Every structure is written in C-alpha cells, then in structure tokens.
Amino acid sequence: MKAQKTHNIYNPKMECMSREERRKLQGERLRATVQLEYDNVPLYRARMDAKGVKPEDIKSIDDLKLLPFTEKTDLRDEFPFGLFASPKKDIIRIQGSSGTTGKPIVAGYTQNDIDVWTEMVARAMTAAGGGPDDIVQIAYGYGLFTGGLGAHQGAQQIGAMVVPMSSGNTQRQIMMMHDLGATMLCCTPSYATYLGESIREMGIPISEFKLKSGCFGAEPWTEGMRQRLEELLDIDACDIYGLTEIGGPGVAFECLEKDGMHVNEDHVIAEIIDPVTEEQLPYGTPGELVFTTITKTGMPMIRYRTHDICTLSDKPCACGRTTIKMSRITGRTDDMLVIRGVNVFPSQIESVLVGMEGVAPHYMLVVDRINSTDKLEVQVELTEEMFTDKVGEIEGLRNQIADKIKSVVGISAKIQLVPPRTIPRSEGKAKRIIDNRKL
Ligand code: ADP
Ligand code: ZN
C-alpha cells in the first residue's frame with residue numbers, strides 16, 4: 001500500500017521561507033560558525049590565517065569561496081578530538097562513519113547538534129508521509145554508524161512508534177514487520193531489496209504487510225533500483241542523504257514528489273565544485289558536493305569536500321518547500337574506477353542491469369590488471385526463472401549485457417552470470433567493487 005501523496009511539512013517556517021530571507025539567515029549563521037571555528041579550532045585558524053581571511057571578512061554566503069576546504073584526511077589527522085569547537089564537557093555523543101573508505105572517523109555532538117540532527121530527520125520522515133500514526137521499523141545499524149540512531153531520533157520526534165531493530169537478522173525483521181504492522185521502513189536500499197526478496201521467497205503475500213513508505217539511503221542507488229524496491233514492497237521509497245562529518249542522515253531528503261532531495265539549507269550550505277580546479281559550479285552542472293554546517297557547535301565543518309558527485313537545482317518543487325534540491329548521488333569519487341583510462345561508476349552498471357529481464361539487481365565489479373592491462377569483470381546474478389527454466393537464453397543475455405555496458409560506459413567487460421543468491425547480500429552498505437589492482 002503506497003503512501004497518500006500528502007505534502008505535510010514539519011517546519012514550514014524554515015522549509016518554505018523565501019530564498020532571499022534564507023540567504024540572509026545563512027549569511028548570519030555562516031559568520032557565527034566561522035567565528036566559532038576561528039576562536040576554537042587551531043587547524044581552521046591556521047588555514048584562514050594562511051589565506052589572509054578573518055571572520056569579519058565573511059559578510060554573506062557569497063564570501064564562502066574565500067574560506068578554506070576541509071578534507072576527510074583532516075578528520076583523520078585531528079582524530080579524535082582535534083576539530084571540536086566546543087569544550088569536551090559539552091560533547092554528549094560520539095558517532096562514527098561506517099568506514100567504507102578506510103579508517104573510521106568520529107564526530108562529536110553537543111545537545112544542540114543532536115537537536116538539529118533530530119529535526120532534520122523529522123523533516124525527512126514527514127516528507128516521506130510519516131506522522132504520529134506510523135510504526136517505523138529502523139533496520140539501519142545502530143553502531144557508531146549514524147543511520148540507526150539518526151532515523152530513530154527523527155521517528156521519535158514526529159511521534160511515531162519506533163521499532164529499533166538495527167540491521168541484520170532478516171527473518172526476525174520480517175516477522176516483526178509483519179506482526180507489528182510496521183508502516184514505514186528505514187534502511188539501506190540494498191538491504192530493503194533483500195528484505196523484499198526474502199519476503200517473496202518465504203511466500204508471505206505482500207498484502208499482509210502494512211508498509212507504505214520508507215527513507216532509504218547511506219549508499220548510491222538508481223531510479224531503476226527504486227522502481228524495483230517499490231514493486232517488491234509495494235511502497236513509496238524516498239531517498240535520504242547524509243554523512244557523519246556533517247551530521248548523519250537527513251542533511252537532504254526526498255519528498256513524495258521523488259524528484260531530488262531537499263537540502264536542509266537553514267542548517268547546511270551546499271555548493272558544487274569542480275573537483276580539480278576547486279571552482280564553484282552553477283546549478284545543474286555535475287560536480288563534487290561540498291557542505292558547510294551553519295548551526296552545529298560540537299564539530300562544525302567549513303566547506304567539507306564529500307567526494308560525492310551530484311547536481312543541485314533551484315527549480316520549485318510541488319510540495320511547497322523552497323529549499324534547493326540535490327540529485328541522486330551518481331557516485332563517490334572514492335569508488336570511481338578508472339579502467340583503461342575510462343571513469344566507471346558502479347551506478348552506471350546498475351542502471352544497465354536493473355531494467356533487464358532475467359537478471360537480479362545484485363552485481364559485483366571485479367577489476368584485475370593482467371599483462372599491464374586493466375580487465376573488468378561484471379558478475380551478475382540470474383533470476384531463479386532464468387536460471388532454471390531458460391538456460392538456453394543465457395548466452396544471448398550475456399551478449400546483451402556486454403553490449404549495453406559497452407554503449408553506456410564505453411568499455412568492454414567480461415560478463416559472468418552467476419546463480420541466484422550467490423553474490424553476498426549486505427545488511428548495511430552494499431559492497432560492489434573488488435579491485436585486485438591495489439593488492
Ligand atoms: P562512509 O560511508 O564514508 O564510511 P558515512 O557512513 O558517514 O561514511 O556515509 C556517508 C556517505 O554515504 C556519503 O558521503 C555518501 O557517499 C554515502 N551516502 C549517504 N547517503 C546517500 C544517498 N542517499 N545516496 C548516495 N550515497 C549516499
Ligand atoms: Zn518537494
């Protein structure tokens with residue numbers, strides 16, 4: 001059962017204010033954040049001094065470009081507490097990244113930061129159709145990873161009944177979802193797909209579930225994957241984006257228009273830059289997403305380079321929110337593969353596969369270097385039906401996938417079709433790449 005397409009808004013004052021008013025507010029908040037950093041964080045003071053910028057030079061958000069960038073390596077270098085802008089006694093929570101790209105980093109939150117984050121997720125859940133009548137099953141991990149607690153706080157804030165399952169234990173997830181009549185689900189899109197497939201395999205009719213929508217994020221996914229997930233679970237699937245450094249999930253979220261994620265602009269400023277020249281790019285041009293937090297006090301971030309690739313848009317949205325929207329993340333520069341000089345993102349391969357008959361949306365890219373030449377192998381899972389009833393068609397399917405990948409990505413890949421359920425499923429972020437060249 002899909003969500004009613006209501007456009008309820010959690011904080012209309014902040015989410016629907018005029019662009020001019022918001023720019024002014026952002027400028028004031030930016031100025032205060034820069035002052036806080038300059039006074040309390042030696043790394044920022046040194047970087048600003050080196051650029052000859054003083055906090056009083058920051059008068060509006062147009063001055064953002066005067067400020068230095070922050071990189072993930074800065075968080076590692078200053079690990080664990082070097083970037084705190086508030087005294088340690090005011091930090092009430094530590095969260096950490098899921099560690100997709102190396103050693104985990106940690107962030108510290110003051111009570112103010114937890115409140116800000118909670119509100120951001122409450123806005124996201126409201127936008128996905130959530131409210132006090134909902135039963136929200138949280139299947140994001142609750143570790144240091146921000147997904148579990150982030151979604152939990154937001155769901156609690158909108159007055160929903162929270163089911164804090166955490167990730168994993170799929171059979172139990174399904175039993176609880178069924179017996180409690182969960183109406184919303186929050187987890188990674190890959191895990192949600194796995195839950196959906198498992199329900200089908202167990203033979204429970206989807207009509208016995210009460211799910212209507214969910215907030216799915218923490219990893220890149222495609223529009224095709226959304227359709228697949230929506231069919232599997234008979235729900236509206238909304239995208240939600242965030243990262244530990246900026247405050248966890250809820251930095252941006254989709255409304256039920258499902259056409260890009262609204263950025264919580266009264267709390268963060270988003271920019272797109274050219275990753276090489278570091279120049280700001282106009283709306284509509286793809287580039288690297290950069291965030292500046294403007295209300296956080298524990299570990300604020302100035303011009304944090306996310307390494308995520310997307311576009312921003314200021315086109316009005318039918319829901320009434322006036323915030324800018326970010327597109328889906330098409331990839332992170334960290335998991336962009338350069339194969340024989342061509343840039344390849346897993347999402348490109350996914351977009352080829354999800355629309356095809358006979359294959360499941362589970363795949364793995366394996367890269368090797370043989371005789372100084374890069375070789376890409378794409379492992380693709382067959383559906384049960386294809387595997388058992390249509391073996392004769394498998395060769396044709398292999399060629400079809402190879403041709404499509406060649407035309408979309410521009411390189412040839414070896415396609416290996418594997419039996420159903422042989423590519424490892426993830427309970428959190430899906431792993432899609434094995435790069436043997438680095439070993
Ligand atoms: P990491 O994955 O680097 O260990 P986090 O757990 O903080 O760290 O996750 C943040 C990253 O997850 C983002 O920078 C982005 O690459 C990815 N991410 C989060 N939400 C989404 C989303 N909705 N779509 C695509 N990618 C996302
Ligand atoms: Zn909207």
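A residue counts as buried when its relative accessible area is under 20%. Cys-319, at 6%, is therefore buried. This is a predicted model. The chain is assigned two parts, domain 1 (12-334) and domain 2 (339-435). A search of the whole structure gives 34 salt bridges, and the disulfide count is zero.

**Domains**

- The domain assignment places residues 12-334 in domain 1 and residues 339-435 in domain 2.
- Taken over C-alpha atoms, the two domain centres are 30 Å apart.
- At the contact between them, domain 1 contributes 25 residues and domain 2 contributes 17.

**Cysteines**

- No disulfides are counted in the model.
- Cys-238 is in no disulfide, and its nearest cysteine sulfur belongs to Cys-215, 6.2 Å away.

- Glu-254 and Arg-226 form a salt bridge, with 2.7 Å between the closest N and O atoms.
- Their positions are 28 residues apart in the chain: Glu-254 sits in strand β8 (residues 248-254) and Arg-226 in helix α9.
- Glu-254 is buried, at 2% relative accessibility.
- Arg-226 is buried too, with a relative accessible area of 2%.
- Through shared partners, salt bridges join Glu-223, Arg-226, Asp-239, Glu-254 and Arg-328 into one network.

- Asp-62 pairs with Arg-23 in a salt bridge, and the closest N and O atoms are 3.0 Å apart.
- Asp-62 lies in the loop between α3 (42-51) and α4, while Arg-23 lies in helix α2 (residues 19-40), so this pair ties together parts 39 residues apart in sequence.
- Asp-62 is partly exposed, at 42% relative accessible area.
- Arg-23 is likewise partly exposed, at 33%.
- Asp-49 and Lys-54 also meet in a salt bridge, 3.3 Å from N to O.
- Asp-49 has a relative accessible area of 39%, which puts this residue in the partly exposed class.
- Lys-54 counts as partly exposed at 35%.
- In general, side chains of opposite charge can pair when their charged atoms come close.

**Helix α10**

- Helix α10 (residues 346-354) is mostly covered, with seven of its nine residues buried.
- The buried residues of α10 are Pro-346, Ser-347, Ile-349, Glu-350, Val-352, Leu-353 and Val-354.
- Their cover includes the helices α9 (223-233) and α12 (394-409).
- Strands also cover these α10 residues, among them β17 (342-344), β18 (359-370), β19 (373-382) and β21 (433-435).
- Helix α9, part of this cover, also holds Arg-226 of the pair with Glu-254.

**A nonpolar surface patch**

- Phe-81, Ile-94 and Leu-144 make a nonpolar surface patch of about 250 Å².
- Phe-81 is found in the loop between α4 (72-77) and β1 (91-96).
- With a relative accessible area of 37%, Phe-81 is partly exposed.

Methods. Residues are numbered from 1 along each chain as its sequence is written. Chains are lettered from A and ligands numbered from 1 in the order in which they are written. This is a predicted model: local features need pLDDT of at least 70, side-chain atom pairs count only at pLDDT 80 or more; totals for chains, interfaces and linings use all residues. Side-chain values use heavy atoms; hydrogens and water are left out. A disulfide is a pair of cysteine sulfur atoms within 2.5 Å. Buried means under 20% relative accessible area, exposed over 50%, partly exposed in between (1.4 Å probe, protein chains only). Patches are made of residues with over 30% relative accessible area and no salt bridge: like charges are joined within 9 Å, nonpolar side chains (Val, Leu, Ile, Met, Phe, Trp, Tyr) within 5 Å. Accessible areas come from the Shrake-Rupley method with a 1.4 Å probe; for residues, only the protein chains shown count as cover. A salt bridge is a side-chain nitrogen of Lys or Arg within 4 Å of a carboxyl oxygen of Asp or Glu. Helices (H or I, at least four residues) and strands (E, at least two) are DSSP runs, numbered from the N terminus. Domain bounds come from an automatic or database domain assignment. Contact means heavy atoms within 4.5 Å.
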